[in-house]
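Work through the exercises below with the sequence and the 3D view open, and try each task before reading its solution.

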Amino acid sequence: MENVVLVGPMGAGKSTIGRGLAAVLKRSFVDADAEIEKRTGVDIPTIFEFEGEEGFRQRETEMLRELLERENIVLATGGGAVMRPENRELLKQHCVLYLRVPVTEQFRRTRKSRRRPLLNAAGDPRKRLEELFRVRDPLYQEVATIVLQGRNQRVRDAVRAACEAL
Ligand code: S3P
């Protein structure tokens with residue numbers, strides 16, 4: 001079976017649900033952002049600080065390419081992984097779960113985070129999440145094999161729904 005990839009905005013629960021799903025499916029769980037941090041030895045905000053968003057996107061593209069060569073993994077991606085067309089083409093070759101969480105919920109789950117440079121920059125983080133969602137929702141939809149939303153927001157329900165849908 002192809003790899004299972006979780007996409008969706010910051011605060012959608014990609015890592016939490018991905019980990020649960022991997023345990024149920026008895027597959028390895030991999031988090032793309034954590035792999036980038038491991039590889040570079042610094043955290044994501046530091047990469048943004050020194051290399052800018054473009055530098056981070058380049059690392060992200062390379063990491064996705066490398067990780068998706070593996071087999072039978074469950075992969076959590078960063079919220080912006082769908083921005084580059086080449087990434088979308090790659091993602092479409094796998095089973096992609098889109099965690100479609102409302103902006104209010106994204107905001108609630110990310111408001112205390114200091115690890116998300118796009119939200120920690122100047123400006124209103126809720127507006128930023130709204131803007132990002134407007135731009136990215138169609139892109140997540142474009143690559144999605146399955147869209148999980150509505151009642152499936154609790155981890156247990158989401159994992160169950162994902163397993164049923166796979
Ligand atoms: C980003 C989301 C983050 C991380 C980076 C950029 C984005 O990942 O990749 O800060 O562009 O939405 P999470 O979705 O895991 O927070």
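**Exercise 1.** Is Asp137 buried or exposed?

Solution. This is a predicted model, in which local features need pLDDT of at least 70 and side-chain atom pairs count only at pLDDT 80 or more, while totals for chains, interfaces and linings use all residues. Residues are numbered from 1 along each chain as its sequence is written, and side-chain values use heavy atoms, with hydrogens and water left out. Buried means under 20% relative accessible area, exposed over 50%, and partly exposed in between (1.4 Å probe, protein chains only). Asp137 has a relative accessible area of 13%, so Asp137 is buried.

**Exercise 2.** Find the salt-bridge partner of Asp137.

Solution. A salt bridge is a side-chain nitrogen of Lys or Arg within 4 Å of a carboxyl oxygen of Asp or Glu. The partner is Arg100, at 3.0 Å from N to O. The pair links distant parts of the chain, 37 residues apart, since Arg100 lies in the loop between strand 4 and helix 5, and Asp137 lies in helix 7. Helices (H or I, at least four residues) and strands (E, at least two) are DSSP runs, numbered from the N terminus.

**Exercise 3.** Check the length of helix 7 (residues 125–143).

Solution. The expected span is 1.5 Å times one less than the number of residues. The 19 residues of helix 7 should therefore span 27 Å, and the end C-alpha atoms are 26 Å apart, which agrees.
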